[in-house]
Structures are given as structure tokens and as C-alpha cells.
Amino acid sequence: MHYLKDRGFQHPLGSEITPQPIYEGRREWLRRLALGSAGLALAGWASREALAQVARPGKLAPLPGVRSAVAGGLTMEKLTAYGDVTSYNNFYEFGTDKSDPARHAGTLKPRPWTVAVEGEVRKPKVFDLDELLKLAPMEERVYRLRCVEGWSMVIPWVGYSLAELIRRVEPTGNAKYVEFVTLADRGQMPGLRSSVLDWPYVEGLRMDEAMHPLALLTFGLYGEVLPNQNGAPVRMVLPWKYGFKSGKSIVKIRFVEKEPRTAWVKTAAQEYGFYSNVNPNVDHPRWSQATERRIGEDGLFQKKRPTLMFNGYEAQVGQLYAGMDLKKHY
Ligand code: MTE
């Protein structure tokens, strides 16, 4: 409760909290909507607002979003349970075990928070989190997230296209790439004592990738603000790339002329490429990328799922890579 106050968000009223089954019910409605079988009973229920407001586990402050109109922004697959999304994480600043971030990220202070947007832009600016939250309408997007380690989740994120922010700072003609820098504060992040990575965690995109409407500047999931372990208060989500491209707890966005040296490329360039688009035909030296395990479906006899080109977003993003050798630019 205190924690929520510190973040400056209002605590949700008990009456606003919707139990998980109702949320799941909403998915069923959406599925039926897609199939065209929901019929007239939808009147008064499926307004954009109603769809946006039933989505809360009641753990953190609400952050509802309208249903996304971006193509590919709504996957009709079963959602990964909130408990799995928030307890099986990669966030090396809090340790390298999957359970470390949920256990140790309580020390992260997501408020007050600023994001410096700088470099090759006409209007550099340090944005306060509150300004960012109001910059553009929040949308809910259900994206698949595929980790390079061979597992995936389906998560209802809340945010808006990064392009909204980029347009406002007016990049110059020299802006060819964007760099995302994660907070690196030893006081808040015990994992920084280890040298697994060269801190801060830096990721990057080519400018056209960053402008793609699917690239989501993300502030929440499941209708609430991001849990610390998922990258509070603001992170990227790039559904067509391996999960590590989606930097968490971002404090700086820099526009640059040269391809950024990302933390993973610095650590093991032969294993982690700058592009890192999900590609079932190009294996990681230590893991096949042909199939994946969906978190929550891990029964002994559960079949793995085939991994899809660009994680299933090929129709949306394929053009960005026309003519590129994706084996070379892995
Ligand atoms: N961002 C930072 N700053 N540090 C990290 O260790 N891990 C990445 C990515 N972003 C990571 C990060 C990896 S490997 C994955 S798979 C996703 O975050 C996991 O996001 P999730 O925990 O919200 O599922």
C-alpha cells in the first residue's frame, strides 16, 4: 500500500479490482468477436472503454489502455498467467536466476523517474515520468515475447508506440540508430556487483525499426503499472525480436549516427547480434531456435511450439529487412 503511494499512483479501490476469471472471460469475448459470433449481446459491453477496464489482477496501481488498433497488436492466444509473467524473469541487474528479479527488485525505486531523450534531435528533453504517461493515449497490446533461451509468453502490455515520442523530439538527418540505456545504480540493483554484463544495460535499434508502430514504449501489463521485476516504470517491448532487445527500466534514449555497441554484443558478439530478430532458421550457438516452450504449458508430455519467423509478426515487419542476409545480420 505504502509502496503504491510512494509511486504516486492511486491505489485501486476494491470495487475496481477484477478477478482473473473475468479477465480471462474478456479474452473469450475478444476471441468470439474475432469469430463474429458474439452477436448483439455485445452491446454496452464491448465498448473500447469496457474492454480496457476489466483487466486488473489488483496487485498494483491501475494503468488501463484502450484496445490497440495497430495491426498485430492483439494476439488471440491464451494469456500467460500474471503469476508466471511476474515470477519468471530475466533482469540481470537483480541476479541471473529466473526467480531473482521477483525476489530482489523491491529495492528499485520507480518514482521519481526521468528519461533523458538526447543526441541527434532538434528538441532534446528530460521527460518526467508523469509527462511520458500523458504523452499519447495508452493502448493495450497483447504480444508474444520470445526469449532467446527458448521460452515464450503472451502478455497484455500497456503503452504507446515509441514513434509517438520520437516524433516529438524531431530527430536530425544524422539520427540513424536509437540507443536505450537502463538505470545502473548499485544502491538499487544488487546484480551490478557481478560482472556478467558491462553495465549499464544498453540496447539499440535502427531508426526505421524504432519508428515501427509495433515498437512499444511500455508502462504497464495486465492493466496495471509494470511490476519492478518486469522493468518499471518504463521499458521497451519489441515483439518480433528476442526478449533481450527489450531493455527494462530505461533512463536514457539517445539518437546516434553509428550502430550502438549493445551490452550483449560487447559480451558475446558471436552469440548475440545487433538485430536479433526471432528466426527459427538461424540457431544460437548453444540453443536451437526452431521451437519454443510456452511458459505455463510445461507438462511432461507437452509438445513444444514451432517458433515463427519474426515471432509471427512477419507481415508487419518483414519489409524492414528486405534484401538483408538474416544469417549474417543475426
Ligand atoms: N533489460 C535489462 N535492463 N536487463 C536484463 O537483464 N533481460 C532481457 C529483457 N530486458 C534484461 C532486460 C531478457 S533476456 C528478456 S527475455 C526480457 O527482458 C524479459 O522480460 P520479462 O521479464 O518482462 O519477461
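Select Glu209 and show what surrounds it: leaving aside neighbours within four places in sequence, Glu209 is in contact with Ala215, Trp240, Lys241, Tyr275, Asn277, Leu320 and Tyr321. Contact here means heavy atoms within 4.5 Å.

A word on the model. This is a predicted model, where local features need pLDDT of at least 70, side-chain atom pairs count only at pLDDT 80 or more, and totals for chains, interfaces and linings use all residues. Residues are numbered from 1 along each chain as its sequence is written, and side-chain values use heavy atoms, with hydrogens and water left out.

Stay on Glu209. It lies in helix 8, residues 207-211. Helices (H or I, at least four residues) and strands (E, at least two) are DSSP runs, numbered from the N terminus. Glu209 counts as buried because its relative accessibility is 0%. Buried means under 20% relative accessible area, exposed over 50%, partly exposed in between (1.4 Å probe, protein chains only).

Next, select Pro200. It sits in the loop between strand 6 (177-182) and strand 7 (202-206). The peptide bond from Trp199 to Pro200 is cis, with omega near 0°.

Move to Pro233, in the loop between strand 9 (224-225) and strand 10 (235-237). The bond to look at runs from Ala232 to Pro233: this peptide bond is cis, with omega near -5°.

Now pick Ser249, in the loop between strand 10 and strand 11 (250-256). Ser249 is not a glycine, yet its phi is positive, about 40°. At 0% relative accessibility, Ser249 is buried.

Last stop: Ser276, in the loop between helix 9 (263-268) and strand 12 (291-294). Ser276 has a positive phi of about 50°, though not a glycine. Its relative accessible area is 4%, so Ser276 is buried.
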